[in-house]
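User: I would like to learn how to read the features of a model such as this one. Could you take me through them one by one, with the general idea before the case?

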Amino acid sequence: MVITDELVTYLEALGRIKLPEESRAKAQNDLQEILQYIDTLSELDTEGIEPMSHALPLTNVMREDIVQPSAPADEVLVNAPAKKDSYFLVPRSFE
């Protein structure tokens, strides 16, 4: 694939950006180099290599979801700017 000036203009529209004229040629060249690198990677023999979602093995570091009693409502609401009964009172966001 060849990066043309029209493609750079199209990508500007997609990204909602406007490149200065002096940067357009550099951006076009940079995009072309990225595609050439990707083409180089596609030539590698990946037969028998399983796809990965991460480069490093990850383990779940979250705690167990254990039901516990919550704090009493009056303690939770003590610093609330506005409250009604046992609830936070917030301004309406729409009518």
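Analyst: Helices (H or I, at least four residues) and strands (E, at least two) are DSSP runs, numbered from the N terminus. Glu12 lies in helix 1, which covers residues 5-15, and Arg24 lies in helix 2, residues 21-42. This is a predicted model, in which local features need pLDDT of at least 70 and side-chain atom pairs count only at pLDDT 80 or more, while totals for chains, interfaces and linings use all residues. Residues are numbered from 1 along each chain as its sequence is written, and side-chain values use heavy atoms, with hydrogens and water left out.

User: Which residues does Arg24 contact, leaving aside its neighbours within four places in sequence?

Analyst: Contact means heavy atoms within 4.5 Å. With those neighbours left aside, Arg24 is in contact with Asp5, Val8, Thr9, Glu12 and Leu19. Glu12, not counting residues up to four places away in sequence, touches Ile17, Lys18, Leu19 and Arg24.

User: What does the side chain of Glu12 reach at 2.7 Å?

Analyst: The side chain of Glu12 reaches the backbone nitrogen of Leu19 at that distance, 2.7 Å.

Terms used
A polar contact is a pair of N or O atoms within 3.5 Å; within protein, one must be able to donate a hydrogen and the other to accept it, and residues adjacent in sequence count only if both atoms are side-chain atoms.
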